[in-house]
Amino acid sequence: MNKGRRKFNAAFKAKVAIEALKEQLTLAELAEKYDIHPTQITEWKKQLLSGSEDVFDQGKKAGVAASDHQEEKDELYKQIGQLKVEVDWLKKKSEQAFGKNWKDGFSK
């Protein structure tokens, strides 16, 4: 009756672990209900409890990430502006040095 290695998605693990936390059924009953070893349910329950504080930190992390993205975005806009100024300056200097139609010689 070897079932082999099975994979369970996060939603299923959470569902089983939450049900185990409710303690409406024993581990043996849950194990039978979901066809999982009781030790596995206990492990998922521990993982849920140890990671539960992350749920409440996600808002803070999202705020920090948004702040980081805004800073990066501002820096990139600054660089774009600097490059536009440099391109305009180079166009002006090249027109002064070679005349307004200097690009026509390179169109071939």
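Buried means under 20% relative accessible area, exposed means over 50%, and partly exposed lies in between, for a 1.4 Å probe and protein chains only. Helices are DSSP runs of H or I with at least four residues, numbered from the N terminus. The model is predicted: local features need pLDDT of at least 70, side-chain atom pairs count only at pLDDT 80 or more, and totals for chains, interfaces and linings use all residues. Residues are numbered from 1 along each chain as its sequence is written, and side-chain values use heavy atoms, with hydrogens and water left out.

View 1. An α-helix has 3.6 residues a turn, so residues three or four places apart point the same way.

**View 2. The salt bridge between D35 and R6.** D35 follows helix 2 and has a positive phi, near 60°. The side chains of D35 and R6 meet in a salt bridge at 3.7 Å, N to O; the term requires a side-chain nitrogen of Lys or Arg within 4 Å of a carboxyl oxygen of Asp or Glu. D35 lies in the loop between helix 2 and helix 3, and R6 in the segment before helix 1 (10-22), so the pair ties together parts that are 29 residues apart in sequence. D35 is partly exposed, with a relative accessible area of 38%, and R6 is partly exposed at 36%.

**View 3. The salt bridge between E19 and K33.** The closest N and O atoms of E19 and K33 are 2.8 Å apart. E19 belongs to helix 1 and K33 to helix 2, so this pair ties together parts that are 14 residues apart in sequence. E19 counts as buried, at 15% relative accessibility. The count of salt bridges comes to two.

**View 4. S94 in helix 3 (residues 38-98).** The side chain of S94 reaches the backbone oxygen of K91 at 2.9 Å. With 11% relative accessibility, S94 counts as buried.

Key
Helices (H or I, at least four residues) and strands (E, at least two) are DSSP runs, numbered from the N terminus. A polar contact is a pair of N or O atoms within 3.5 Å; within protein, one must be able to donate a hydrogen and the other to accept it, and residues adjacent in sequence count only if both atoms are side-chain atoms.
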